Amino acid sequence: MKGFLISWKAIKREAIDYLGVFIGVTITALSLVWLQIPNKIAAGGVSGLAVVTFHLWGWPVALTMILINIPLFLACLWSFGPRFGAKTLFGAIFISVMIQFWDSVINVMPLTKDPLLASLYGGVIAGVGMGIAFRFRGTTGGTDLAAQLLNRVSGISVGHSLLVFDGAVIAFAGIVFNSTELALYAIITMFVTSKILDAVLEGLDYAKAAFIISEHSSEISARILNDLQRGATGLVGRGLYSTAQKEVILCVISRAEEIKLKEIV
C-alpha cells in the first residue's frame with residue numbers, strides 16, 4: 001500500500017510538471033504569434049531563426065522550429081544518454097503545436113505594429129512562459145540544446161555557447177532584413193525575456209547575505225537584532241596575513257534593509 005501511494009504521488013507530480021510545461025510553452029507561443037513574428041523580431045534561438053525563414057521564404061514558423069528542435073533533441077539524447085529529460089522533447093514539440101494553434105485555429109491578430117512595444121511586451125510574455133516551463137523542469141527546446149552539445153564537444157560553457165548562437169541569429173536577422181534597428185529590438189526582447197525569466201524563477205524580492213568584519217561585532221550584532229529585528233550568525237574568522245582571529249557576522253537581509261544595515265555598521 002505504501003509503495004502504491006509513493007507511486008501515485010510520483011505520477012501526480014509528473015502530471016503537474018507536464019501541465020506546467022504545457023502552460024509555459026503555450027504562453028511563449030502566444031508571444032511569438034502575437035508580437036514577435038509579425039514585427040520581424042528574431043530574438044535569438046530557434047524561434048528567431050524560424051522568424052527569419054518565415055519572412056524570407058514563407059516557411060511556417062511552427063514547422064521550422066520542430067524540424068530544428070527534433071534533430072537537436074535526438075543529438076543530445078545520443079550524446080548525454082537517457083538522463084536527457086522527456087519534458088524537453090515535450091516542450092520542443094508542443095511549442096510548435098501551440099504556435100500553429102494560435103495562428104491557424106484561434107487566428108490571433110498582431111497586438112501592435114510598433115516594433116518597440118512588440119519587443120518589450122514580447123519579451124515580457126515570452127519570459128513569463130519560459131519561466132513557467134523551467135519551474136516545472138521543462139524547456140522550450142531551441143538553442144539551449146545546441147549550446148549543451150557545443151559544450152560537450154568543445155568545452156565552451158553553456159552560457160557562452162548560448163551567447164554565440166543567439167548573437168549569430170540576431171546578426172543574421174539584421175542582415176536578412178537589412179535593418180540594424182530590428183536587430184537592436186531583438187536584443188531588447190532577449191534582455192527583457194532573461195530578466196522576466198529570472199523574476200519568475202527566483203521571485204521579485206530577493207535577499208542579500210552580508211558578511212561584516214569589525215572590532216565592534218558585539219555592538220553591531222545587538223543593533224541588528226534590535227533595530228532590524230533580524231537574526232545573525234557569528235562565524236570564527238582568521239586573517240591570513242595577521243593570523244589574528246576575529247568574529248565575522250553573517251546576516252541575511254532584504255533589499256529594503258540594505259541601507260539601514262550599512263548605517264548600523
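Strand β1 (residues 207–213) pairs with strand β3 (residues 245–254) in the antiparallel sense, over seven bridges. Helices (H or I, at least four residues) and strands (E, at least two) are DSSP runs, numbered from the N terminus, and two strands pair if DSSP finds at least two bridges between them. Opposite A209 stands V252 of β3. The model is predicted: local features need pLDDT of at least 70, side-chain atom pairs count only at pLDDT 80 or more, and totals for chains, interfaces and linings use all residues. Residues are numbered from 1 along each chain as its sequence is written, and side-chain values use heavy atoms, with hydrogens and water left out.

β3 also pairs with strand β2 (residues 233–238), in the antiparallel sense and over six bridges. Here L235 has V248 in β3 as its bridge partner. The hairpin of β2 and β3 has six residues between the strands, and T243 in this hairpin takes a positive phi near 60°.

Now the helices. Two packed helices are described by the angle between their axes and the distance between the axes. For helix α3 (residues 61–80) and helix α6 (residues 143–154), the axes come within 9 Å and cross at roughly 35°. Axes are lines fitted to C-alpha atoms, for helices over the stretch in contact, and angles run from 0 to 180 degrees between N-to-C directions. The crossing of α3 and α6 is left-handed, meaning that the near helix is turned anticlockwise from the far one by less than a right angle. On the α3 side the contact (heavy atoms within 4.5 Å) is made by N69, L72, F73, A75, C76, S79 and F80, and on the α6 side by L145, A146, Q148, L149 and R152. Of the residues in this contact, eight are nonpolar, three polar and one charged. Ala, Val, Leu, Ile, Met, Phe, Trp, Tyr, Cys and Pro count as nonpolar, Asp, Glu, Lys and Arg as charged, and the others, Gly among them, as polar.

In α6, the buried residues include L145, A146 and L149; buried means under 20% relative accessible area with a 1.4 Å probe, protein chains only. After α6 comes G155, with a positive phi near 85°.

Last, the loop between α1 (2–36) and α2 (45–57) holds I37. Why is I37 counted as buried? Its relative accessibility is 10%, so I37 falls in that class. Leaving aside neighbours within four places in sequence, I37 is in contact with L32, V51, F54, H55 and V61. The C-alpha atoms of I37 and S47, 10 residues apart along the chain, are separated by 9.0 Å.

Note on methods:
Buried means under 20% relative accessible area, exposed over 50%, partly exposed in between (1.4 Å probe, protein chains only).
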